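Here are my notes on the model you sent. Please read them with the structure open.

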Amino acid sequence: MSEKREPARNRSAVRSLLRLWPYLRPVRLRWGTAAVVAVVASCLGLVIPLVLKWIVDGPVAEQDPGGVWLGALYVLLLGVAEAGLFGLRRWLVARPLAGVEAAMRADLYRRLQRLPISFHDRWASGQLLSRGTADLSLLRMFLAFPLTFLFVNAVTIVAGYVILLGQEWTLGLVLLVPVAPLVVLCFLFETRYSLVARRAQDQVGDVTTVIEESVLGIRIVKGFGRHRSQQLAFRALTGRLRGTELEKARLLAWIWALITFLPELAVGAALVLGTMQVADGELSAGTLVAFLSTTLALRWPVESIGFLIAMSQEAATATERFFEVMDEAEEEPGGAVTSVPAAGDGVRFEGVSFRYPDAPEDARPVLDGVDLHIRAGETMALVGATGSGKTTLTALVPRLHEATGGRILLDGEDITAMPRERLRELVSVAFEEPTLFSATVAENVLMGAGPSGDDDTEALGRALAVAQARDFVDALPEGAGTQVGEQGLSLSGGQRQRLALARAVVGRPRFLVLDDPLSALDVHTEALVEAALREVLRGTTALVVAHRPSTVLLADRVALLSEGRVKAVGTHHELLRSDPEYAWLMSGTEHGRGTDPR
Ligand SMILES: Nc1ncnc2c1ncn2[C@@H]1O[C@H](COP(=O)(O)OP(=O)(O)OP(=O)(O)O)[C@@H](O)[C@H]1O
């Protein structure tokens, strides 16, 4: 499992969260209105103690039952208004924030589609999945709740303290004593919690990766009886995540306890002082009741600060993780030459070199000065020992990877001068490991249809015929309209390969790159596919990676890739005679059996 770990945080939580502004901007009015509504609702709660003071010092002192009932009615109305306003806030933000989450998810998906293969090579899929799911839900929750309530509670606390100081400033000052230690504690907590939150979210990504790999690789796990060891490994991983979550809970418990305890101490001290002042006649009983009711009304805004900070910290981490992907450089769009290259020259590799970005410094480049010319309309087989760079070379033609040296020309035009979209219309690909999507057979195949204007049904029929896939597709319950499961798991390897081949040829591409696309077919079916390919793709220039002589025979000529270069080019029979390495690679036939090139 490849892992992606970012360097230590270099961005404060606030700066990370500010990056959400472009997404929040379109809904700022509704969000702002909701925040104001919440502030009003929260501050209404602070009016209740003032009504209590009026009741105690007025109707209660004067023994006026009618006044007490009126006061109670005021309190009830204030409570109903508070509840109604909080409900309105929720209604105001629910829809726009769901829209923000959807927009962020769409942007992330679009970015993932446009990032180069080298990015996907580096990142574990579970890490990307968890960023697109759990992290974004967390951000929606943050925008709906902690972001609003950090603001609402701050305003409520300030308003509450102003009321407290106005009622009796000496008691109010007592309540201000814990503020300084609480600020320091919150700062320390935020620093610690941010590290643990990041670790937890990365571990969720790792767990997602393992689940995904085990589901996709379930046949291997079962086939090798590895479910117990897989389970143990998974348990270890979830154990680590559990440990991190417990560490988060411990930190949260500490800060919550301190945030509750310190103000309670101050309230206790104020209560003692206040009672003494009432006894001395310096303070009215109503003022003390109102004072204590206000401090009680401030309990929730103060106590919630700990977990609001914790949730904001998790949201900051989720934002960082989101932008780590969004900040990656997309594939460049390519050149601007949109003309279709004039037919005639085929494919040329001129001094092409390539090394993988994550290869060790001292490693030799995979390709080191490849020169090869595939004439227009010719089919060239590419043969080489395992690991010699055949797949790598084929990936350079549609620019799935970028050549690090030299150039590749299609009918005389440098591929880097073409817009990528145009290039990928001209070049069709099929790989040894065929990927089918959760869609119908027809949809999977027609993904490869360019804007040729061909009738889809006719093109589909022709492509299935070339790939010798017609019989088995017709036998499917709904023919070409049958849904094939994730990665086409309901089909055999050979069937999937044939659909992938049909996808590659359905658009009658000018250039075709096939990476051992017939490896799972029996020799008989392979021969039929080859015959059909020859017939249908007469005008196509093709590069076909081949491991077996039967595939090589499809080609007009063969190129032998060795030590990063094209060592020899010729027909199959020429190379069998002239090149011992080729003969060795093709051994298994009567020609080269037992001949060692070295
Ligand atoms: N994403 C990658 N990052 C780093 N090195 C890679 C990557 N993919 C392949 N390689 C290395 O590049 C070399 C060539 O690999 P490539 O897949 O092109 O060989 P191949 O000739 O197609 O092999 P095979 O016949 O086994 O399919 C190998 O040494 C491989 O380890």
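How many bridges join β3 to strand β11, and in which sense do the two run?

1. Strand β3 and β11. Five bridges join β3 to β11 (residues 557-562), and the two strands run parallel. Val-383 sits opposite Leu-560 of β11. Keep in mind that this is a predicted model.

2. β3 and β10. This pairing is also described as parallel, and it is made over four bridges. Here Ala-381 is the residue to look at: it stands opposite Val-544 in β10.

3. Burial of β3. The strand covers residues 379-384, and six of its six residues are buried, so the rest of the structure largely encloses it. Thr-379, Ala-381 and Val-383 point one way. Met-380, Leu-382 and Gly-384 point the other way. That is the pattern to look for, because side chains in a regular strand alternate between the two faces of the sheet.

4. The whole sheet. β3 belongs to an open sheet of six strands, ordered β6-β9-β10-β3-β11-β12, with mixed pairing. β6 (427-430) and β12 (565-570) are the edge strands; each has a single partner, so one side of each lacks a neighbour in the sheet. From one strand to the next, the twist averages 20°.

5. β9 and β10. Strand β9 (residues 511-515) runs parallel to strand β10 (residues 541-545), and five bridges join them. Val-513 stands opposite Leu-543 of β10.

6. A helix on the sheet. Helix α21 (residues 493-505) lies across β6 and β9. Its direction is at about 180° to β6.

7. The ligand shell. Which residues are closest to the ligand? They are Tyr-356, Thr-386, Lys-390, Thr-391 and Thr-392, out of 13 that surround it. Helix α16 (residues 390-396) supplies the largest share of the shell, three residues.

8. Helix α13. This helix (residues 285-297) has 13 residues. From first C-alpha to last it reaches 18 Å, close to the 18 Å expected at 1.5 Å a residue. Its buried residues are Gly-286, Leu-288, Ala-290, Phe-291, Thr-294, Thr-295 and Ala-297. When viewing them, recall that an α-helix has 3.6 residues a turn, so residues three or four places apart point the same way. What do the buried residues of α13 pack against? Their partners are α3 (28-60), α8 (146-167), α9 (169-176) and α12 (227-279).

Definitions and conventions: Residues are numbered from 1 along each chain as its sequence is written. This is a predicted model: local features need pLDDT of at least 70, side-chain atom pairs count only at pLDDT 80 or more; totals for chains, interfaces and linings use all residues. Two strands pair if DSSP finds at least two bridges between them. Axes are lines fitted to C-alpha atoms, for helices over the stretch in contact, and angles run from 0 to 180 degrees between N-to-C directions. Two residues are in contact if their C-beta atoms, placed from the backbone, lie within 7 Å. A residue is near a molecule or strand if its C-beta atom, placed from the backbone, lies within 6 Å of it. The expected span of a helix is 1.5 Å times one less than its number of residues. A residue is buried if 20 or more other C-beta atoms lie within 10 Å of its own, exposed if 12 or fewer, and partly exposed in between; C-beta atoms are placed from the backbone.
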